[in-house]
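Trainee: I would like to go through this structure and ask what stands behind each label.
Mentor: Go ahead, one label at a time.

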Amino acid sequence: MREAVLHLSGYNYQNIYGVSYRVKDKITMSDLAFRVQHVIKTEIDVTQAQLSRNGIEVLFGIASFKGPNTISLQGARGATEITGDKIVIGTGTKPACSSTVPVNGNTIINSDQVLDMQTLPRTLIVVGGGVIGVEYTCMFATLGVRVTLIEKRPRLLEFADQEIIEALSYHLRDHRVTMRLNEEVHAVEETEGGGPVVAVLESNKRVTGDALLYAVGRQGNVDELNLEAAGLESDSRGRIAVNENYQTKQPNIYAVGDVIGFPSLASVSMEQGRIAVSHALNKPIASNPSYFPFGIYTIPEISFIGKTEEQLTDEDVPYEVGVAYYREIARGQIRGDTTGRLKLIFHRDTYDILGVHIIGEGASELLHIGQAVMILKGKVNYFVDTVFNYPTLAECYKAAAFNGLNKLSHS
């Protein structure tokens with residue numbers, strides 16, 4: 001959906017051709033849904049083909065535990081029982097609900113219902129400043145929708161680097177997004193006849209919009225699993241507790257992905273599944289969760305790996321920072337992204353790379369260079385001594401390394 005928004009709105013080229021540049025003047029929800037459904041269908045087809053090719057039997061239905069080794073499957077042809085020595089739960093999540101927010105699928109929606117909207121609203125209230133809420137805020141703002149974002153915490157995405165989030169917040173305000181931080185929704189009022197929606201805040205403020213997106217967290221898909229029969233339980237948010245091998249307290253049952261909670265990233269969920277199955281089958285595996293990358297598909301996108309400045313400061317680690325700006329790199333000018341930046345954090349004494357934080361188009365791809373160097377125990381000097389293709393965004397690594405090392409030479 002994000003790529004469709006970027007393409008149809010002409011966002012990536014407005015710095016070059018002017019803010020009035022657009023590929024399509026009147027963008028509809030069906031335009032966005034068409035591209036999304038095409039990609040989803042292809043992903044499903046590829047996955048099913050891979051499962052078939054590897055001789056994996058796929059059964060469709062609603063599963064529930066009858067014991068630690070037995071599952072009842074309610075399918076189109078009735079109920080069947082399946083037994084297994086090892087079981088992996090990967091049921092994902094669903095949008096969380098609230099008694100104060102009457103989701104109706106029309107003017108008040110959750111994140112699973114976005115593509116079902118009939119028309120693009122002129123004004124939108126987004127409740128929740130987590131990953132999903134911020135991603136949708138960026139998309140709708142890029143389409144010209146006036147968005148008000150309400151978040152009860154003092155800043156967005158608290159697990160990310162503060163400087164990077166400050167840069168994102170600047171972009172949001174530049175796209176006329178109103179941010180209500182440290183605010184909580186007390187009630188949501190509907191207007192008869194499909195009129196405006198009103199969010200009443202704890203501070204007695206009233207925020208009005210054509211539609212409201214409720215994106216305050218997600219709930220584990222565990223309601224129908226009958227976890228008690230397997231000797232398991234979930235917490236208030238439907239999350240299942242696991243150890244470092246993704247084993248639940250029943251040693252033969254594993255849980256992976258969003259149903260175990262943070263970070264709830266597709267790439268990390270797949271790796272958790274690989275680790276769990278390898279452990280279950282006693283297969284050797286090398287995987288280090290501290291090197292899992294984060295990709296947040298805001299506009300501009302954010303990607304990072306390793307520690308933030310705030311974490312290193314709390315841990316009393318002596319570090320230095322090198323920053324490169326897209327506007328100083330030829331590829332940044334060519335792409336029309338003059339606001340992105342890449343931030344290298346490295347140890348002042350050992351020159352070990354402690355973190356890479358990027359905001360800007362292509363961030364999630366660009367991050368993997370820094371990830372590889374970190375995992376292979378490379379030093380920040382690697383970027384100074386390496387020749388990168390010109391013009392590429394990868395040159396940011398060299399510029400950031402020079403910037404950081406020059407600070408040390410003057411200290």
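Mentor: We start with a term: a salt bridge is a side-chain nitrogen of Lys or Arg within 4 Å of a carboxyl oxygen of Asp or Glu. The model is predicted, so local features need pLDDT of at least 70 and side-chain atom pairs count only at pLDDT 80 or more, while totals for chains, interfaces and linings use all residues. Residues are numbered from 1 along each chain as its sequence is written, and side-chain values use heavy atoms, with hydrogens and water left out.

Trainee: What makes R348 and E320 a salt bridge?
Mentor: Their side chains meet at 3.0 Å, N to O, and the limit is 4 Å. R348 lies in the loop between β19 and β20 and E320 in strand β18 (residues 319-325), so the pair ties together parts 28 residues apart in sequence. Helices (H or I, at least four residues) and strands (E, at least two) are DSSP runs, numbered from the N terminus.

Trainee: Why is E320 called buried, and what is R348 called?
Mentor: Buried means under 20% relative accessible area, exposed over 50%, and partly exposed in between (1.4 Å probe, protein chains only). E320 has 14%, so E320 is buried. R348 has 30%, so R348 counts as partly exposed.

Trainee: How do you know that E183 and K205 form a salt bridge?
Mentor: The N to O distance between their side chains is 2.5 Å. The pair links distant parts of the chain, 22 residues apart: E183 is in the loop between β9 and β10 (185-189), and K205 in the loop between β11 (197-201) and β12 (206-209). E183, at 9% relative accessibility, counts as buried, whereas K205, at 33%, is partly exposed.

Trainee: How many salt bridges are there in the whole structure?
Mentor: A search finds 22. One of the pairs is D235 with R239, the closest N and O atoms being 2.8 Å apart. D235 is partly exposed at 34%, and R239 is partly exposed at 31%. Elsewhere, salt bridges link D161, E163, E309, R341 and K343 in a network.

Trainee: What makes α4 largely enclosed?
Mentor: Of its 12 residues, 10 are buried, so the rest of the structure largely encloses α4. Among them are G133, Y136 and F140.

Trainee: What covers the buried residues of α5?
Mentor: The cover includes α4 (131-142), β9 (178-181) and β17 (302-306), where contact means heavy atoms within 4.5 Å. The buried residues of α5 include I164, L168 and L172. Helix α5 (residues 162-174) has 13 residues and reaches 18 Å from its first C-alpha to its last, close to the 18 Å expected. Just after α5, R176 takes a positive phi of about 65°.

Trainee: Why is Y13 called partly exposed?
Mentor: Its relative accessible area is 41%, so Y13 is partly exposed. Y13 is found in the loop between α1 (2-9) and α2 (14-17).

Notes: The expected span of a helix is 1.5 Å times one less than its number of residues.
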